[in-house]
Amino acid sequence: MPLYEYTCAACDHTFEKLRPITRMDDPAPCTECGGESDRKLSVFSSYSTGASGETRAIAGGGGGCCGGGGGGCACAARA
């Protein structure tokens, strides 16, 4: 399930919500003041739950474009 980042238009507070893709554009009231918030970033990750209930990432260490140091994105070509 994706983790979405929102920034409040009223107080500039940034917060995250874990929600299904089908709800990414649903209203996300600010957790500080209740004001309207705009979606800024989407972080997609995959997790698995083991037999004993532990949760762990399925592939990669995250980081996305330029953040993981893998050089797999177009940003690496600029170096």
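These are my notebook entries on a predicted model of a protein chain.

**Entry 1, overall layout.** I started with the secondary structure and found 1 helix and 5 strands in the protein chain. Reading along the sequence, I wrote the pattern down as β-β-β-β-β-α. I then looked up burial: of the 79 residues, 15% count as buried. The accessible surface comes to about 5700 Å², and carbon and sulfur atoms account for 51% of that area. For contacts between residues at least 6 apart in sequence, I noted that 29% join residues at least 24 apart.

Which residues make up the largest nonpolar core? I listed 6 residues: Tyr4, Tyr6, Cys8, Phe15, Ala28 and Cys30. Strand β1, residues 3-8, supplies the largest share of this core, with 3 residues. I also looked up what Phe15 touches, leaving aside residues up to four places away in sequence. Its contacts are Tyr4, Glu5, Tyr6, Ala28, Pro29, Cys30, Thr31 and Ser37. Core members Tyr4, Tyr6, Ala28 and Cys30 are among those contacts.

How many disulfides does a search of the whole structure find? My search gave 0. For Cys11, the nearest cysteine sulfur is that of Cys30, 3.7 Å away. The cut-off for a disulfide is 2.5 Å between the sulfur atoms, so Cys11 is in no disulfide. Cys33 is in no disulfide either, and the nearest cysteine sulfur, that of Cys8, is 3.6 Å away.

Definitions and conventions. Residues numbered from 1 in each chain as written. Predicted model: local features only at pLDDT ≥ 70, side-chain atom pairs only at ≥ 80, totals over all residues. Heavy atoms only, no water. Core = buried A, V, L, I, M, F, W, Y, C linked by side-chain atoms within 4.5 Å. Buried < 20%, exposed > 50% of the residue type's maximum accessible area, 1.4 Å probe, protein only. Helix = DSSP H or I, 4+ residues; strand = E, 2+ residues; numbered from the N terminus. Contact = heavy atoms within 4.5 Å. Areas by Shrake-Rupley, 256 points an atom, 1.4 Å probe, with all protein chains shown as cover.
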